[in-house]
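Please look over the sequence and the fold below. This briefing then walks through selected side-chain pairings, topic by topic.

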Amino acid sequence: MENYLTFTVDEHLYAINVNSVLEVLNLSVPTAVPCALPYIEGLIYSREQGITVVNLRKRFNLKEHKADKRTKIIVVEVKVTSDDRKENVILYGLVADSVQDVIQTYDEERIENAECTIPKEFIAYAFLWNDEPLFILDFNKLFEEHAKLSLPQTQEIKI
C-alpha cells in the first residue's frame, strides 16, 4: 500500500508519493533565474530554503493556463546522486492547476498502456482511480535535465 498526493494539470489527474512532499503552498511569483531552462519559473523561498519552481504545463508541453486561486505549488524533495556517488537533495516546487487529495493505492491496481497527453517518459506507472487513469510521475526523468545542471561539478585540476 502506498499513499499519494493527487493533483491536476490540464484536467488530468497525476500523483506523487507523499513521502516526497514537504508542503503545499499558495502560488507566489518566483524570482526569475537568468539562463534557466524554459520550464523553470524561478526560485521561491520557504522555511529559509531555496526552491526551484517548475511549471508542469511547460515541462509537459501543454498549453498555458491562467493561474487562479486553486493553483498551488507542491514542494517536493528529490534525491539525486552526483557523479562522485554523493547523494544530494534538491527542492522543487511543482506548479499544479489544483491539489486534490491524499489517496491509498495497492500494487495490484496498476494498469498498462493508459492514454496520456504528456510524454510517457515522465510517467512511472498508472492506476485506475475512480474509473479514470491516475498517472504517477517519475521524478528521475522529470528532473534529470535540471538536476545535472544543479549539482556541483567536480573537476580534477592538474598543475
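A salt bridge here is a side-chain nitrogen of Lys or Arg within 4 Å of a carboxyl oxygen of Asp or Glu. By that rule, the structure holds five salt bridges. Keep in mind that this is a predicted model.

**Salt bridges**

- Arg47 and Glu23 are joined through their side chains by a salt bridge, at 3.6 Å from N to O. The pair links distant parts of the chain, 24 residues apart. Arg47 sits in the loop between strand S4 (40-46) and strand S5 (49-55), while Glu23 belongs to strand S3 (residues 21-26).
- Arg47 has 63% relative accessibility, so it counts as exposed. Glu23 has 15%, so it counts as buried.
- A salt bridge also connects the side chains of Glu41 and Lys58, at 3.1 Å from N to O. Here strand S4 supplies Glu41 and helix H1 supplies Lys58, and the two are 17 residues apart.
- Arg57 pairs with Asp97, and their closest N and O atoms are 2.7 Å apart. This bridge spans 40 residues of chain, from Arg57 in helix H1 to Asp97 in the loop between strand S7 (87-96) and strand S8 (98-105).
- Arg57 and Asp97 are both buried.

- Buried means under 20% relative accessible area. Glu23 has 15% relative accessibility, so it falls in that class.
- Besides its salt bridge with Arg47, Glu23 has a side-chain polar contact of 2.7 Å with Ser46.
- Leaving aside residues up to four places away in sequence, Glu23 touches Ser46, Arg47, Ile73, Ile74 and Val75.

**Aromatic rings**

- A pair of aromatic rings is described by the distance of the centres and the angle of the planes.
- Rings pair if their centres lie within 6.5 Å. The count comes to eight aromatic pairs.
- One of them is Tyr4 with Phe127, a tilted pair at 5.9 Å centre to centre, with 55° between the planes. Tyr4 lies in strand S1 (residues 2-9) and Phe127 in strand S10 (residues 123-129), 123 residues apart. Tyr4 and Phe127 are both buried.
- Tyr14 and Phe60 make a tilted pair too, at 5.6 Å centre to centre and 40° between the planes. Tyr14 is in strand S2 (residues 12-17). Phe60 is in the loop between helix H1 (56-59) and strand S6 (72-81), 46 residues apart from Tyr14. Tyr14 and Phe60 are buried.
- Which residues form one aromatic cluster? Phe7, Tyr14, Phe60, Phe122 and Phe135 do.

**Charges over rings**

- Arg59 lies over the face of Tyr39, and its distance from the ring centre is 4.3 Å.
- Arg110 is placed over the face of Tyr125, at 3.6 Å from the ring centre.

**Residues with a positive phi**

- Most residues other than glycine have a negative phi.
- Glu11 is not a glycine, yet its phi is positive, at about 65°. Glu11 lies in the loop between S1 and S2. Its relative accessibility is 79%, so Glu11 counts as exposed.
- Asn61 is not a glycine either, and its phi is positive at about 60°. The loop between H1 and S6 holds Asn61.
- Why is Asn61 classed as exposed? Asn61 is exposed because its relative accessible area is 67%, and exposed means over 50%.

Notes: Residues numbered from 1 in each chain as written. Predicted model: local features only at pLDDT ≥ 70, side-chain atom pairs only at ≥ 80, totals over all residues. Heavy atoms only, no water. Phe/Tyr/Trp six-rings, centres within 6.5 Å; stacked < 30°, edge-to-face > 60°. Helix = DSSP H or I, 4+ residues; strand = E, 2+ residues; numbered from the N terminus. Buried < 20%, exposed > 50% of the residue type's maximum accessible area, 1.4 Å probe, protein only. Lys NZ or Arg CZ within 6 Å of the ring centre and 35° of its normal. Polar contact = N/O pair within 3.5 Å; in protein donor to acceptor, adjacent residues only side chain to side chain. Contact = heavy atoms within 4.5 Å.
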